[in-house]
Amino acid sequence: MKAIVFERNGGCEVLRYTETPTPKAGPNDVVIQVKASACNFNDIWARRGLPGMKIILPHISGSDASGVVVETGSEVRNVRVGDEVVVHCGISCRECDYCTRGEEFFCPQFKIWGFQTGPLDGAHGDYCRVPAVNVLPKPRNLSHVEAATMPLVLVTVWRMLVTRARIQAGDFVLIWGAAGGLGVMAIQVAKLYNARPIAVASSDDKLELCSQLGAEFVLHRKKHDVFQEVRKITNGRRADIVFEHTGSDTWPLSMQCLKWGGTIVTCGATSGFDAHMDIRLLWNKQQNYLGSHLGNKGELMDAMRFVERGLIKPVVGKVLPLREIAHAQELMETNTIAGKIAMIPPAAA
Ligand SMILES: [Zn+2]
């Protein structure tokens with residue numbers, strides 16, 4: 001099969017579009033013919049290499065796929081050949097005390113598929129192999145392209161806002177990078193809960209998209225004084241929840257924009273890991289700084305119900321043939337695309 005493989009860390013030049021063995025299902029696995037995969041920032045972290053994290057080489061990235069089951073292992077009962085499925089990318093043992101409590105991300109064997117797994121083994125190829133427990137039915141109202149772009153960002157946002165930050169009706173939710181893959185989901189989940197999204201993005205086109213998705217307020221990151229605008233919008237109270245994933249660039253402002261007793265919830269730091277923090281805010285203003293990482297399969301299934309009803313919609317910014325993945329990663333690194341980028345492998349083209 002054809003896949004995107006890299007054998008050393010580096011820039012986009014290490015990505016090779018090449019022939020590689022088609023995966024075989026183990027007893028508890030399924031093999032999926034990938035109809036579409038989606039790009040995530042994980043792909044870029046894996047390619048660049050992360051200090052303190054081992055990327056298994058040679059590596060096929062890709063933590064989101066939608067496709068058709070073509071092989072099932074001898075022990076598989078929950079899916080059949082021919083089923084249309086999407087993948088939940090949290091791989092864990094499913095037996096330990098964390099897994100059985102629904103806290104699979106604390107499992108000692110937890111790995112994000114297509115990021116920490118390998119060698120090879122990710123979504124960006126004609127076929128992929130995953131444990132059968134990690135597949136869900138593809139929502140029938142979505143195309144494979146649309147479906148491929150949903151699971152990772154949707155489960156991440158659902159856990160951040162619903163499980164961790166306990167979003168409530170009426171909450172002002174400040175959303176950084178609101179036109180990106182995570183942001184477009186955050187706006188829609190906030191609206192679903194009758195909260196009030198304040199979307200921050202970096203161009204007028206992106207702000208228009210945020211408005212269409214239901215953002216009640218939109219702020220241009222370069223033209224607006226975000227802190228002053230948030231104060232005005234909230235009548236001086238500031239945001240109930242700040243949706244963080246950018247890190248160093250926005251963290252000081254996130255703290256400034258947060259109300260007394262409010263919650264910052266973060267799942268990443270694409271602009272850098274180091275941030276200054278005034279500990280006085282933590283105790284004096286009784287603020288909550290929460291970390292969140294992916295989500296469990298149950299959270300993804302909860303969120304998918306609203307996708308099936310059309311209340312949460314995928315936002316596909318670009319569709320490219322798989323061989324053009326370097327271009328896709330450049331678009332992500334330069335923040336020039338709104339929504340998600342889907343890749344079509346050659347066998348599905
Ligand atoms: Zn476990």
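What geometry does the site of the zinc ion have, given its 4 donor atoms? Let's start there, everyone. The angles among those donors run from 105 to 115°, so the site is tetrahedral, a label that needs all four-donor angles to lie between 85 and 135 degrees. For reference, the ideal angle for four tetrahedral donors is 109.5 degrees.

Before going on, a word on the model. It is predicted, with local features needing pLDDT of at least 70 and side-chain atom pairs counting only at pLDDT 80 or more, while totals for chains, interfaces and linings use all residues. Residues are numbered from 1 along each chain as its sequence is written, and side-chain values use heavy atoms, leaving out hydrogens and water.

Back to the zinc ion. The SG atoms of Cys93, Cys96, Cys99 and Cys107 coordinate the ion at 2.3 to 2.4 Å; donors here are N, O and S atoms within 2.8 Å of the metal, or 3.2 Å for Na, K and Ca. Their spacing in sequence reads C-x2-C-x2-C-x7-C. Cys93 sits in the loop between strand E6 (90–91) and helix H2 (97–100), and Cys107 in the loop between H2 and strand E7 (111–112), so this pair ties together parts 14 residues apart in sequence. Helices and strands are DSSP runs, of at least four residues (H or I) and at least two (E). Cys107 is buried, at 5% relative accessible area, where buried means under 20% with a 1.4 Å probe and protein chains only.

Now, please look at the sheet. Its 6 strands form an open sheet with parallel pairing, in the order E12-E11-E10-E13-E14-E15; pairing takes at least two DSSP bridges. The edges are E12 (217–220) and E15 (288–291), each pairing on one side only. From one strand to the next, the twist averages 20°. E11 (residues 196–201) and E12 are joined by 4 bridges, and Ala199 has Val218 in E12 as its bridge partner.

Last stop: helix H4 (residues 151–164). How does H4 pack with H10 (residues 297–308)? At an angle of about 105°, with axes 9 Å apart; axes are lines fitted to C-alpha atoms over the stretch in contact, with angles from 0 to 180 degrees between N-to-C directions. That makes the two roughly perpendicular, the class for 65 to 115 degrees. Residues in contact, meaning heavy atoms within 4.5 Å, include Trp158 in H4 and Phe306 in H10. Of the 14 residues of H4, 12 are buried, so the helix is largely enclosed by the rest of the structure. Just after H4, Arg166 takes a positive phi of about 50°. Thanks, all!

Conventions:
Four donors count as tetrahedral if all angles lie between 85 and 135 degrees; four count as square planar and six as octahedral if opposite donors are over 155 degrees apart and all others between 65 and 115; anything else is irregular. Buried means under 20% relative accessible area, exposed over 50%, partly exposed in between (1.4 Å probe, protein chains only). Angles under 35 degrees count as roughly parallel, over 145 as roughly antiparallel, 65 to 115 as roughly perpendicular and the rest as oblique.
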